[in-house]
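Here is a short briefing for a first look. Please view the sequence and the model, then read the points below.

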Amino acid sequence: MEIIIQPTPEAGSIIAARIIAKLVRTKPDCVLGLATGSTPLATYRELARIHREGVLDFSKVTTFNLDEYVGLPPGHSQSYHAFMDEHFFRHVNVPRSRIHIPDGMARDIPAECARYEAAIVAAGGIDLQLLGIGTDGHIGFNEPSSSLASRTRIKTLTERTRADNARFFGGDLDQVPFHCITMGVGSIMAAREVLMLAFGANKADAVAAAVEGPIAAMNPASVLQMHAVAKCIVDEPAAGKLTRRDYYRWVFEHKPGWQKIGG
Ligand code: GLP
(Lines give C-alpha, C1' and ligand atoms only; values in the text may rest on other atoms or scores of the structure.)
Protein backbone atom coordinates (compact mmCIF):
# COMPACT_ATOMS: atom_id res chain seq x y z
CA MET A 1 0.00 0.00 0.00
CA GLU A 2 1.23 3.48 -0.75
CA ILE A 3 0.82 5.77 2.27
CA ILE A 4 0.60 9.48 1.53
CA ILE A 5 0.76 11.69 4.64
CA GLN A 6 -0.39 15.28 4.23
CA PRO A 7 -0.48 18.14 6.73
CA THR A 8 -4.23 18.74 6.44
CA PRO A 9 -7.39 17.05 5.13
CA GLU A 10 -7.57 19.79 2.49
CA ALA A 11 -4.10 18.97 1.16
CA GLY A 12 -4.90 15.25 1.14
CA SER A 13 -8.21 15.89 -0.64
CA ILE A 14 -6.51 17.93 -3.36
CA ILE A 15 -4.20 15.00 -4.07
CA ALA A 16 -7.17 12.61 -4.14
CA ALA A 17 -9.02 14.90 -6.56
CA ARG A 18 -5.94 15.12 -8.80
CA ILE A 19 -5.67 11.33 -8.94
CA ILE A 20 -9.35 11.02 -9.89
CA ALA A 21 -9.21 13.93 -12.37
CA LYS A 22 -6.19 12.39 -14.06
CA LEU A 23 -8.06 9.10 -14.50
CA VAL A 24 -11.12 10.89 -15.93
CA ARG A 25 -8.89 12.75 -18.42
CA THR A 26 -6.96 9.69 -19.53
CA LYS A 27 -10.03 7.42 -19.61
CA PRO A 28 -13.12 9.64 -20.10
CA ASP A 29 -15.47 6.63 -19.92
CA CYS A 30 -13.97 5.32 -16.69
CA VAL A 31 -16.00 3.71 -13.92
CA LEU A 32 -15.64 5.36 -10.52
CA GLY A 33 -16.56 3.74 -7.23
CA LEU A 34 -17.72 6.48 -4.87
CA ALA A 35 -18.02 6.78 -1.10
CA THR A 36 -20.11 8.77 1.35
CA GLY A 37 -19.32 10.05 4.84
CA SER A 38 -17.64 13.31 5.77
CA THR A 39 -14.20 12.20 4.61
CA PRO A 40 -14.56 12.51 0.79
CA LEU A 41 -16.46 15.83 0.92
CA ALA A 42 -13.45 18.05 0.21
CA THR A 43 -12.41 15.74 -2.64
CA TYR A 44 -15.86 16.13 -4.20
CA ARG A 45 -15.66 19.91 -3.72
CA GLU A 46 -12.30 20.03 -5.47
CA LEU A 47 -13.52 17.86 -8.36
CA ALA A 48 -16.57 20.12 -8.72
CA ARG A 49 -14.29 23.18 -8.73
CA ILE A 50 -12.12 21.72 -11.48
CA HIS A 51 -15.28 20.82 -13.43
CA ARG A 52 -16.62 24.38 -13.05
CA GLU A 53 -13.39 25.71 -14.49
CA GLY A 54 -14.32 23.75 -17.60
CA VAL A 55 -11.36 21.39 -17.56
CA LEU A 56 -12.96 18.17 -16.33
CA ASP A 57 -15.78 16.42 -18.16
CA PHE A 58 -17.75 13.65 -16.46
CA SER A 59 -20.21 13.14 -19.32
CA LYS A 60 -18.95 9.63 -20.14
CA VAL A 61 -18.15 8.59 -16.57
CA THR A 62 -20.12 5.83 -14.83
CA THR A 63 -20.36 5.71 -11.04
CA PHE A 64 -21.19 3.07 -8.46
CA ASN A 65 -21.64 4.01 -4.83
CA LEU A 66 -20.52 1.69 -2.09
CA ASP A 67 -23.63 1.52 0.00
CA GLU A 68 -27.07 2.71 1.05
CA TYR A 69 -29.20 2.43 4.18
CA VAL A 70 -32.05 -0.07 4.03
CA GLY A 71 -35.41 1.59 4.50
CA LEU A 72 -34.46 5.15 3.57
CA PRO A 73 -36.10 6.33 0.34
CA PRO A 74 -33.87 8.25 -2.08
CA GLY A 75 -35.63 11.48 -1.07
CA HIS A 76 -34.74 11.06 2.64
CA SER A 77 -32.24 13.74 3.58
CA GLN A 78 -29.84 11.18 5.10
CA SER A 79 -30.07 8.62 2.31
CA TYR A 80 -26.82 8.22 0.44
CA HIS A 81 -28.78 9.02 -2.75
CA ALA A 82 -29.50 12.48 -1.31
CA PHE A 83 -25.98 12.83 0.07
CA MET A 84 -24.37 12.15 -3.28
CA ASP A 85 -26.71 14.47 -5.09
CA GLU A 86 -26.09 17.32 -2.66
CA HIS A 87 -22.34 16.95 -2.42
CA PHE A 88 -21.32 15.76 -5.86
CA PHE A 89 -23.74 14.91 -8.63
CA ARG A 90 -25.57 18.25 -8.77
CA HIS A 91 -22.20 19.99 -9.17
CA VAL A 92 -20.80 17.91 -12.04
CA ASN A 93 -22.11 16.40 -15.28
CA VAL A 94 -22.28 12.66 -14.68
CA PRO A 95 -25.41 11.63 -16.65
CA ARG A 96 -28.20 10.39 -14.36
CA SER A 97 -28.37 7.15 -16.34
CA ARG A 98 -24.77 6.39 -15.43
CA ILE A 99 -25.19 6.90 -11.67
CA HIS A 100 -25.66 3.72 -9.62
CA ILE A 101 -26.48 3.53 -5.91
CA PRO A 102 -27.97 0.45 -4.21
CA ASP A 103 -31.74 0.67 -3.74
CA GLY A 104 -32.33 0.56 0.01
CA MET A 105 -36.08 0.35 -0.61
CA ALA A 106 -35.90 -2.81 -2.74
CA ARG A 107 -38.54 -5.37 -1.76
CA ASP A 108 -36.21 -8.24 -2.69
CA ILE A 109 -32.87 -7.28 -1.19
CA PRO A 110 -30.84 -10.32 -2.33
CA ALA A 111 -32.08 -9.73 -5.89
CA GLU A 112 -31.11 -6.05 -5.66
CA CYS A 113 -27.63 -7.02 -4.44
CA ALA A 114 -27.18 -9.51 -7.31
CA ARG A 115 -28.44 -6.89 -9.80
CA TYR A 116 -25.92 -4.36 -8.44
CA GLU A 117 -22.99 -6.76 -8.77
CA ALA A 118 -24.08 -7.64 -12.32
CA ALA A 119 -24.33 -3.94 -13.22
CA ILE A 120 -20.73 -3.39 -12.09
CA VAL A 121 -19.58 -6.28 -14.27
CA ALA A 122 -21.67 -5.04 -17.22
CA ALA A 123 -20.02 -1.62 -16.91
CA GLY A 124 -16.62 -3.27 -17.24
CA GLY A 125 -15.67 -3.23 -13.55
CA ILE A 126 -14.60 -0.33 -11.35
CA ASP A 127 -11.45 1.51 -12.41
CA LEU A 128 -10.96 3.42 -9.19
CA GLN A 129 -12.72 2.90 -5.88
CA LEU A 130 -12.72 5.82 -3.43
CA LEU A 131 -13.01 4.79 0.22
CA GLY A 132 -13.23 6.25 3.68
CA ILE A 133 -12.64 4.10 6.75
CA GLY A 134 -14.79 3.67 9.83
CA THR A 135 -13.34 4.02 13.31
CA ASP A 136 -13.63 0.22 13.54
CA GLY A 137 -11.84 -0.34 10.22
CA HIS A 138 -14.96 -0.79 8.10
CA ILE A 139 -14.89 0.02 4.40
CA GLY A 140 -18.20 0.65 2.70
CA PHE A 141 -20.37 -0.77 5.46
CA ASN A 142 -18.32 -3.95 5.80
CA GLU A 143 -18.11 -4.16 9.55
CA PRO A 144 -15.51 -6.19 11.48
CA SER A 145 -15.85 -9.93 10.83
CA SER A 146 -17.11 -9.30 7.28
CA SER A 147 -15.94 -11.96 4.87
CA LEU A 148 -12.92 -10.64 3.01
CA ALA A 149 -14.37 -12.32 -0.10
CA SER A 150 -17.88 -10.86 0.33
CA ARG A 151 -19.94 -9.31 -2.45
CA THR A 152 -22.81 -6.83 -2.34
CA ARG A 153 -25.25 -7.88 0.38
CA ILE A 154 -27.23 -6.71 3.38
CA LYS A 155 -25.30 -5.97 6.57
CA THR A 156 -26.27 -5.03 10.10
CA LEU A 157 -24.51 -1.94 11.39
CA THR A 158 -22.57 -2.17 14.64
CA GLU A 159 -23.62 -0.04 17.59
CA ARG A 160 -20.39 1.92 17.14
CA THR A 161 -21.12 2.76 13.50
CA ARG A 162 -24.70 3.72 14.31
CA ALA A 163 -23.40 5.99 17.09
CA ASP A 164 -20.70 7.44 14.78
CA ASN A 165 -23.31 8.22 12.14
CA ALA A 166 -25.99 9.55 14.50
CA ARG A 167 -24.53 13.03 14.00
CA PHE A 168 -25.95 13.00 10.48
CA PHE A 169 -29.40 12.23 11.93
CA GLY A 170 -29.50 15.23 14.23
CA GLY A 171 -27.73 13.20 16.92
CA ASP A 172 -30.80 10.96 17.31
CA LEU A 173 -29.54 7.37 17.45
CA ASP A 174 -33.11 6.06 17.07
CA GLN A 175 -33.26 7.52 13.56
CA VAL A 176 -30.18 5.63 12.34
CA PRO A 177 -31.16 2.50 10.39
CA PHE A 178 -29.90 -0.89 11.55
CA HIS A 179 -29.30 -2.29 8.08
CA CYS A 180 -27.62 -1.33 4.86
CA ILE A 181 -26.78 -2.71 1.46
CA THR A 182 -23.05 -2.53 0.85
CA MET A 183 -20.63 -3.66 -1.79
CA GLY A 184 -18.62 -6.48 -0.28
CA VAL A 185 -14.95 -6.48 0.56
CA GLY A 186 -14.42 -8.73 -2.46
CA SER A 187 -16.33 -6.26 -4.67
CA ILE A 188 -14.03 -3.47 -3.46
CA MET A 189 -10.93 -5.60 -4.02
CA ALA A 190 -12.03 -6.22 -7.62
CA ALA A 191 -11.57 -2.51 -8.43
CA ARG A 192 -8.44 -1.88 -10.51
CA GLU A 193 -7.26 0.83 -8.14
CA VAL A 194 -8.29 1.73 -4.60
CA LEU A 195 -7.90 5.13 -2.94
CA MET A 196 -8.63 5.25 0.78
CA LEU A 197 -8.83 8.54 2.68
CA ALA A 198 -8.66 8.97 6.45
CA PHE A 199 -8.57 12.25 8.32
CA GLY A 200 -8.53 13.02 12.04
CA ALA A 201 -7.16 11.46 15.21
CA ASN A 202 -10.27 9.30 15.68
CA LYS A 203 -9.15 7.29 12.63
CA ALA A 204 -5.56 6.73 13.83
CA ASP A 205 -6.15 3.30 15.41
CA ALA A 206 -8.13 2.01 12.43
CA VAL A 207 -5.50 3.29 9.97
CA ALA A 208 -2.60 1.79 11.93
CA ALA A 209 -4.36 -1.59 12.08
CA ALA A 210 -5.26 -1.44 8.39
CA VAL A 211 -1.79 -0.45 7.16
CA GLU A 212 0.58 -2.08 9.63
CA GLY A 213 -1.50 -4.73 11.36
CA PRO A 214 -2.14 -8.28 10.22
CA ILE A 215 -4.69 -8.83 7.46
CA ALA A 216 -7.79 -9.67 9.42
CA ALA A 217 -11.53 -9.60 8.98
CA MET A 218 -11.68 -7.73 12.28
CA ASN A 219 -10.26 -4.75 10.39
CA PRO A 220 -11.73 -5.12 6.89
CA ALA A 221 -9.59 -2.27 5.52
CA SER A 222 -6.47 -4.35 6.24
CA VAL A 223 -7.27 -6.51 3.20
CA LEU A 224 -6.12 -3.58 1.05
CA GLN A 225 -2.59 -4.81 1.83
CA MET A 226 -3.41 -7.50 -0.74
CA HIS A 227 -4.47 -5.02 -3.44
CA ALA A 228 -1.92 -4.38 -6.17
CA VAL A 229 -2.73 -0.67 -6.58
CA ALA A 230 -3.90 0.76 -3.26
CA LYS A 231 -3.17 4.25 -1.98
CA CYS A 232 -4.02 5.54 1.47
CA ILE A 233 -4.06 9.32 1.96
CA VAL A 234 -4.03 10.47 5.59
CA ASP A 235 -3.57 13.71 7.45
CA GLU A 236 -1.07 13.99 10.33
CA PRO A 237 -3.56 13.11 13.12
CA ALA A 238 -4.80 10.02 11.25
CA ALA A 239 -1.16 9.00 10.67
CA GLY A 240 -0.39 9.47 14.37
CA LYS A 241 -0.18 5.76 15.23
CA LEU A 242 1.73 4.57 12.15
CA THR A 243 5.11 3.35 13.38
CA ARG A 244 6.80 3.82 9.98
CA ARG A 245 5.39 7.24 9.14
CA ASP A 246 8.82 8.79 8.54
CA TYR A 247 9.52 6.06 6.01
CA TYR A 248 6.21 6.73 4.17
CA ARG A 249 7.08 10.45 3.98
CA TRP A 250 10.55 9.59 2.66
CA VAL A 251 9.09 7.41 -0.07
CA PHE A 252 6.56 10.08 -1.12
CA GLU A 253 9.23 12.81 -1.23
CA HIS A 254 11.59 10.69 -3.30
CA LYS A 255 9.23 9.45 -5.97
CA PRO A 256 10.73 9.58 -9.45
CA GLY A 257 9.54 12.69 -11.29
CA TRP A 258 7.30 10.74 -13.66
CA GLN A 259 5.47 9.17 -10.72
CA LYS A 260 4.69 12.42 -8.93
CA ILE A 261 1.07 13.45 -8.57
CA GLY A 262 0.92 16.65 -10.59
CA GLY A 263 -1.71 19.37 -10.92
C1 GLP B 1 -19.78 5.43 6.87
C2 GLP B 1 -19.72 4.96 5.39
C3 GLP B 1 -18.31 4.67 4.98
C4 GLP B 1 -17.41 5.77 5.52
C5 GLP B 1 -17.34 5.68 7.02
C6 GLP B 1 -16.59 6.84 7.65
O7 GLP B 1 -20.53 4.70 7.70
N8 GLP B 1 -20.55 3.86 5.06
O9 GLP B 1 -18.23 4.57 3.58
O10 GLP B 1 -16.11 5.62 5.02
O11 GLP B 1 -18.57 5.46 7.59
O12 GLP B 1 -17.37 8.00 7.71
P13 GLP B 1 -16.74 9.43 7.88
O14 GLP B 1 -16.01 9.71 6.61
O15 GLP B 1 -17.90 10.34 8.07
O16 GLP B 1 -15.83 9.36 9.05
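In which hand of crossing does α1 pass α2? The crossing is right-handed, meaning that the near helix is turned clockwise from the far one by less than a right angle. This is a predicted model: local features need pLDDT of at least 70, side-chain atom pairs count only at pLDDT 80 or more, and totals for chains, interfaces and linings use all residues. Residues are numbered from 1 along each chain as its sequence is written, and side-chain values use heavy atoms, without hydrogens and water.

**Helix pair**
- Helix α1 spans residues 9–26 and helix α2 spans residues 41–52 (helices are DSSP runs of H or I, at least four residues, numbered from the N terminus).
- They pack at an angle of about 50 degrees, with axes 8 Å apart (axes are lines fitted to C-alpha atoms over the stretch in contact, and angles run from 0 to 180 degrees between N-to-C directions).
- S13, I14, A16, A17, I20, A21 and R25 in α1 meet A42, T43, E46, L47 and I50 in α2 (heavy atoms within 4.5 Å).

**Ligand**
- A polar side-chain atom of D67 lies 2.9 Å from a ligand nitrogen atom (a polar contact is a pair of N or O atoms within 3.5 Å).
- For N165, a polar side-chain atom is 3.0 Å from a ligand oxygen atom.
- A side-chain N or O atom of K203 lies 2.6 Å from an oxygen atom of the ligand.

**Backbone**
- S145, a residue other than glycine, has a positive phi near 85 degrees.
- Most residues other than glycine have a negative phi.

Terms used: Helix = DSSP H or I, 4+ residues; strand = E, 2+ residues; numbered from the N terminus. Polar contact = N/O pair within 3.5 Å; in protein donor to acceptor, adjacent residues only side chain to side chain.
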